[in-house]
There are 2 protein chains.
Amino acid sequence: MGLRERKKLKTRVALIDAALDLFLEQGYESTTIDQIAAAVDVSPRTFFRYFGSKEEVALAPATDAQDVFLSELHDRPGTESPFTALAQAMRGAVAVLRDGEPEDKRRFLKARQVVEATPTIFAGQMRLMLANEQRILEEVARRRGADDLRSQFVTATFTSTIRVGLENCTLEELSDIDGLTRRLEDTFALVDELMVAGWDR
Amino acid sequence: MGLRERKKLKTRVALIDAALDLFLEQGYESTTIDQIAAAVDVSPRTFFRYFGSKEEVALAPATDAQDVFLSELHDRPGTESPFTALAQAMRGAVAVLRDGEPEDKRRFLKARQVVEATPTIFAGQMRLMLANEQRILEEVARRRGADDLRSQFVTATFTSTIRVGLENCTLEELSDIDGLTRRLEDTFALVDELMVAGWDR
DNA sequence: TTGTCATCTGTCATGGACTGACATAATCTA
DNA sequence: TAGATTATGTCAGTCCATGACAGATGACAA
């Protein structure tokens, strides 16, 4: 990796960190692009060469996490039922975060706090999840061998499950991967309890 | 109702209609507030006295529909199980639209086309649904006698069901209330099939 | 009818998000 | 080191959104 590429990556991370800190400190709405750019000693115009919008920088960690999830999903064995594969991929993604750089972990949890505290960003996260849902649907349809209403329902149920699991996190749990894991497991268990056997086949 | 109030209502509807027509004609992004205001012969500043944002005018019909739904939900007998009450309220809301002014129907379907065609607005609709979900959750918790994870799951499942039902609509079905109804019933039937008996109790 | 009050509206000025165009500066490559 | 690529800064401009103020309009009582 050349110097140019390394520098770009460094600037990108610096922008994310500066933005998240400012968002947490003085709120998302009252933080300007100029402030973020100034904190990294970069022109405001350059900010927009790294991120398409103010929202995008706040959601960057969430976007990265989704990529990890999709990669985990891709690695699941084809024998697993659709929902099992999705749940396992989610566990895998959480594990990647747990065993990764502490720096990345802190950044992710900071981003989650910003998301929780800012309705606009929260809606943006929904948009992200919906975009992701299209790709998840493909995987579900592949495993079920049918791209029908039922595949859509399985996919939507997974999205809901994750959402309920995450929303349920209190502030303390939000700053702790293990708390997040527990919430997630509780919700998966509930799905198991309320669905008829083989519902996702 | 006085003249002043009637005038305000008329301006509001005119703004919505002008906005929807422009959005459909030339796209949401490339339509400016100035254009909408000019079409109704009103100053741009006045637009923002009726709607808090450009997005809000596009979602006005959806917001009104949600209010109808909540009102229907409020009228459901307390003996119904949570999900049954929600499904019946949805049927009621669709019926209100079907039996209402043709003008209102056309506006609603136009708005739905705009929502489908515009990612930003689509995300906004999600935000609306989530805000609504809080009130739906209260009703579910009341009927189940418990504000717990399971109530949240029932609520989220309902939201997913509606979402899947609506997303599944093709363009022809989108311009037809009956097609919309059929999709919805198919999805409700699927929930009935995949959930264990009494899952929402 | 008229005068007063509340409310609605237009105008103006401003700030902040975002974009295109162009010149400069930094890296890369031969 | 020269020349090609790519990143960055500067500048100008559009659009969304909001506050402040003044003028217009409907509401209402005497």
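Student: In this predicted model, which element gives the largest share of the surface near DNA strand C?

Tutor: The elements that give two or more residues to that surface are α1 (3-26) and α3 (44-50) of chain A together with α1 (3-26) and α3 (44-50) of chain B. Among these elements, the largest share is 4 residues, and the element that supplies it is α3(B).

Student: Which side chain has an N or O atom 2.5 Å from a base oxygen of DNA strand C?

Tutor: The surroundings of DNA strand C comprise 21 residues, and the closest are L3(A), K7(A), K54(A), T46(B) and R49(B). The side chain with an N or O atom 2.5 Å from a base oxygen is that of R49(B).

Student: What share of the area that chain A buries against chain B do L149(A), F153(A) and L194(A) supply?

Tutor: Between chain A and chain B, 28 residues of the one are in contact with 28 residues of the other. The area buried between these chains is about 2,600 Å², with carbon and sulfur atoms giving 71% of it. On the side of chain A, L149(A), F153(A) and L194(A) supply more of the buried area than any other three residues, and their share is 26%.

Student: Which element gives the most residues to the side of chain A that touches chain B?

Tutor: Across this interface the rule finds 4 salt bridges, and in a salt bridge the side chains of R150(B) and E193(A) meet at 3.7 Å, N to O. Elements giving two or more residues to the side of chain A that touches chain B are α7 (119-144), α8 (149-167) and α10 (177-194) of chain A. With 11 residues, the element that gives the most is α8(A).

Student: Which residue of chain A has the C-alpha nearest the axis that relates the two copies?

Tutor: Chain A can be laid on chain B by a turn of 179° and a shift of 0.0 Å along the axis, with an RMSD of 0.1 Å. The copies are thus related as by a two-fold rotation axis. The C-alpha of chain A nearest this axis lies 2.2 Å from it and belongs to M195(A).

Key
Residues numbered from 1 in each chain as written. Chains lettered and ligands numbered in written order. Predicted model: local features only at pLDDT ≥ 70, side-chain atom pairs only at ≥ 80, totals over all residues. Heavy atoms only, no water. Contact = heavy atoms within 4.5 Å. Buried area = accessible area lost by both parts, 1.4 Å probe. Least-squares fit on C-alpha atoms with pLDDT ≥ 70 in both. Near = heavy atom within 4 Å. Polar contact = N/O pair within 3.5 Å; in protein donor to acceptor, adjacent residues only side chain to side chain.
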